[in-house]
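Hello,

Here is the structure we talked about handing over. Please open it and keep it in view while you read.

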Amino acid sequence: MALQDSEKIIDITHLHKKFTLENSNELTVLNDINLSVKKGEFICIVGGSGCGKSTLLRTIAGLDLEFEGNVAVSGKDINGPSKTRGLVFQEARLFPWMTVQQNVEFALDGVPKAEKKRRAKEILELVHLSDFAKSYPKELSGGMAQRANIARALVDNPPVLLLDEPFGALDAFTKIQLQDELLAIQEQEGTTMVMVTHDIEEAVYLADRVVVLSNRPGQIKDIIDIDISRPRHRNDQYFVLKKKKIFNYFFEEKEIEEDYVI
Amino acid sequence: MLSRRKQWNDTVIGSTFEGFIPIIFLFTLWIYVVNKGTVNTVVLPTPNMVLNTLSTKIVNGSLLAELGVSIVRVLEGYFLSAFFGIGLGILVGLSKNMQKLTDIVIQVLRPIPPIAWIPLVILWMGIGESSKIFLIFLGGFFTNLINVSEGILYTDSKILEVARVLETPKWKVITQVIIPAALPSIFTGLRVSLGSCWSCVVAAELVASTSGIGYMISNARNYGQMDTVIVGMLAIGVVGKLMDVFLKWIESKVLAWNIS
């Protein structure tokens, strides 16, 4: 899929990333990654543990600047973290001394108090957490904490939202619920989303395109269009077919792959 | 029933009922030893003598007066140690250069007990209030300093990363993330240092004092009044415990988010 320059919001070309190990050997983590993401698109990056998918996400976030190649967002090379790219971590990482609402408001700077309050209220409604605005993180379940985490990342309306296995630690029911809510948010806000996951079904359910990353060095094996209209049904034949296709990428590599869940 | 009893003890005394068993045991042992008559009551007075002295000193107000003098001194030294300890601790915790600059000095000065400072302190500050307060200050200063700086140094890097991603202004990161994250450690410092300041009071009042609970003890020693010595010791212990209960109570209010 060739994108026009004007359509691209994230543009990664020839991205290489190496770690220097203690014995001064080099480990290639990401090898020649080329990926363009369209505005409003939902991209899922799947791969096994240690394939560099989180590193890729952290690079886009601007947390990791030691790389070769080009990573541009909205036409500008990244040079650090930016409010224009929200990041949802796997662990909720809420500030335990702040209430949910204070956590969300923390993301807003240079905004009058009343405006902060209004926007926090709005976003908490969007993630169905209004009743817990005054609660402290220790009082929240895992799913609620992750909702608060997403709200904090979204409250400043970043055009891009990066998600690092956000539902990885949740139970299956909460996970499915939050997946639907995330899709609803994306539809309402038009946010471009890039999510890293090891859950193939999650990727097929959410993404417009699924990027399959191979293990060591992480490189793009395939980018699969998920041309299924929403709402998607997990047991449809075509859905299962897409799932199988991605699944097979990992099985040709290794007989037993224990690190992801179907 | 048990939970109600526990609740009462926790809120009022800050201890469990079980905690009083050793006290009862020690008391029984004490009564047994003095009744057997093998120990001279000049060396170890009977519980009765101690209780009599205690009630006399409470009734004539001298115990509370001496305690009051000491408490004021300790609080002055303690607040100074908290103020400078926390202030410098924040600077050391936030700045790598400050840390490099002060590390060795702190490590060398910290193990010196306040009592070893007495000769110099008398020479420098005389025998007035300031020398006593300075000794008490020394008793708490390093504990505060180290707890604050280490609390800041060990702030969860994952939480700092959140602030980085949100491009939070530096001042806001310090006041709303780093310092709150260090608060549990700061409170530990405040509690431990109050204990050490209070236990320094006897040493401080050895400096030509004519008042205070430390003076009461050393004066009674000169006259061989071991019952008064024990009353003084117990008073120090009880007040120290009450101070800790009070600080714990404040901590539970301020750090409610941290208690699971």
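This is a predicted model: local features need pLDDT of at least 70, side-chain atom pairs count only at pLDDT 80 or more; totals for chains, interfaces and linings use all residues.

Now the contacts. Take those in chain A with a separation of 6 or more. Residues 24 or more positions apart account for 68% of them.

Next, the secondary structure. Chain A has seven helices and ten strands. Six strands form an open sheet in chain A. Read across it, the order is β6-β7-β8-β3-β9-β10, with mixed pairing. Which strands stand at the edges? They are β6 (85-88) and β10 (220-225) of chain A. Each has a single partner strand, so one side of each is left without a neighbour in the sheet. From one strand to the next, the twist averages 15 degrees.

Look at one pair more closely. Strand β3 (residues 42-46) and strand β8 (residues 192-197) of chain A run parallel, joined by five bridges. A:I45 has A:V196 in β8(A) as its bridge partner.

Last, a helix. Helix α7 (residues 237-251) of chain A lies across β3, β9 (209-213) and β10 of chain A. Helix α7 runs at about 180 degrees to β10(A).

Best wishes

Key: Residues are numbered from 1 along each chain as its sequence is written. Chains are lettered from A and ligands numbered from 1 in the order in which they are written. Helices (H or I, at least four residues) and strands (E, at least two) are DSSP runs, numbered from the N terminus. Two residues are in contact if their C-beta atoms, placed from the backbone, lie within 7 Å. Two strands pair if DSSP finds at least two bridges between them. Axes are lines fitted to C-alpha atoms, for helices over the stretch in contact, and angles run from 0 to 180 degrees between N-to-C directions.
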